[in-house]
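Reader: Hello! I would like to learn how to read a structure, starting with contacts between charged side chains. Could you guide me?

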Amino acid sequence: MKPYCLINLAQGLLLSVGLRYLIEGNSRMNRAIHSATSGLTAVQKHQMSSSGRIVVSLERKVKELTVLYEISQVIRSTLNCHEAFSEILGIFHSRLGMNRGTITILDPITGELKIKAAHGMTEEEVRRGKYLVGEGITGKVAETGEPAVVPQIGKQPLFLNRTRSRDPVKKSDISFICVPIRMGSMVYGTLSVDRLFSEDITFEEDVRLLSIVASMIAQGLKIQQMLQDEKKQLLNENITLKEKLKERYSLYNIVGTSNKMTEVFQMIERIAQTDVTVLIRGESGTGKELVANAIHFNSPRASKPFLKLNCAALPDALVESELFGHEKGAFTGATAQRLGRFERADGGTLFLDEIGTLNLTAQAKLLRVLQEREFERIGGNRTFRVDIRIIAATSKDLERSIEDGTFREDLYYRLNVFPIFMPPLRERKTDILLLADYFVEKFNRKHLKEVRRVSTPAIDMLMQYHWPGNVRELENCMERAVLVCTDQVIHSHHLPPTLQTGEQSGTIPSLSFEGAIQNYEKELIIDALKNSGGNIAEAARLLRTTERVVSYSVRKLRINPKSYRP
């Protein structure tokens, strides 16, 4: 529940308890007075007239509490106080006979007090009701923050009657009460009413009641302003985050100048402004998700949701629920309704990574969404329509999966509308140094390091490596190098052992190619002779060759078979 509602709920409870207490007290007082006066003479009853005044006072208290209770109910029923103003003024009129109730609010920009709600006035009269701070009775109340009472407005020159809603002839019969709507030293506006003038009327009670209501209104306005400020701050933060995401995943932030990456950039530019389904293919770690981000954040859907789902990270039993959602009680453990990714991404983009791992049941349902743009939650019968763009990615050979029967051919053709192939890093060697420099700068910021460059031997190692893990492996290598670097230069020994060459590690083979082969051949024949007890024919069978080949090798390598006989 909102804090505003909690405050007003507490007010309502207190007022209702007080109202019930005073009503019961009034009833008991009436019964006591009736019992006490039942056997008295007229003179004695006249002496009891003071008791009648007590009853009148109690009736006034009951009316006041009734008004406060009803107003508190009106205020706490809405988060927009301006919507409750007219009802509040109507309660004053119906319960206490206060006419032409008016609520003015101070405009912080123009410095004017403008009527936001009025009871018993025309629209034209309301439009005329504008006051500067310090101007007239209303302006003085807003300026000083103190209430004002005009017993007869016809005798008060400060009363401007700018709305011209009061009859000039009857001005002497009208009293005007105005109190500030304030919270501490902050004045939000004023609350004013008209009353019929009478010599017997006392204005203290009216001022007290109006001040209480004005305080309630001020409290509501303050909380309303806090909520508006918080909402504005969240909207600004949301806009800022979206701009940062758009900048982060800009097409120009993808590092690469090789011919194959240039082709990728051209494809992204062609399809970003469309809603066509895209299938991104390539080995793990080549940057398929980065391309999906670039497509979405450079498309007309950039301000809409962008949801991602790694199909390989979820078991088959949960994939359908994650994609399409489920109803409460649809299966064991479904204790509440759940919205799926398709429903939550309505109007935006859904990225399905490793789509080649989807089970056949989920593939059939996905095919329907791609064709009809509609689906049902698990356990439900209501059909939902969605406006969504699908971007899929896979590192699997989908053509072979189709042959194996693990991937639907019709789904493949629906996804393969616009394929983008991400080249492996070994096929874009010219981008390795660009990527290495980019990652050095990135991890300098992340780990507060000051690495300036990569040494020439380290560059040679990076260029000679075949990078089976592609860009992801290069990123991890550069982060490790930045962390272990003790000066401002990354050297070859800072790189992982998997990148170390024989020259860098001092393990270059000393044998020639032929010598290494002869050593290996000798080891194989000796092992076969050991197992055969020195029998050349048996050794040939173990090596799956002829006796003549083994005999030739024995003579060439100068091996003595007799030494291996038992």
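Author: Gladly! Asp 387 forms a salt bridge with Arg 301, and their closest N and O atoms are 2.8 Å apart. The term means a side-chain nitrogen of Lys or Arg within 4 Å of a carboxyl oxygen of Asp or Glu. This is a predicted model, where local features need pLDDT of at least 70 and side-chain atom pairs count only at pLDDT 80 or more, while totals for chains, interfaces and linings use all residues. Residues are numbered from 1 along each chain as its sequence is written, and side-chain values use heavy atoms, leaving out hydrogens and water.

Reader: Is Asp 387 buried or exposed, or partly exposed? And what about Arg 301?

Author: Buried means under 20% relative accessible area, exposed over 50%, and partly exposed in between (1.4 Å probe, protein chains only). Asp 387 counts as partly exposed because its relative accessibility is 46%, whereas Arg 301, at 7%, counts as buried.

Reader: How many salt bridges does the structure hold?

Author: There are 27. One of them joins Asp 194 to Arg 100, with the closest N and O atoms 2.8 Å apart. Both Asp 194 and Arg 100 are buried. Another pairs Glu 124 with Arg 127, at 2.6 Å between the closest N and O atoms.
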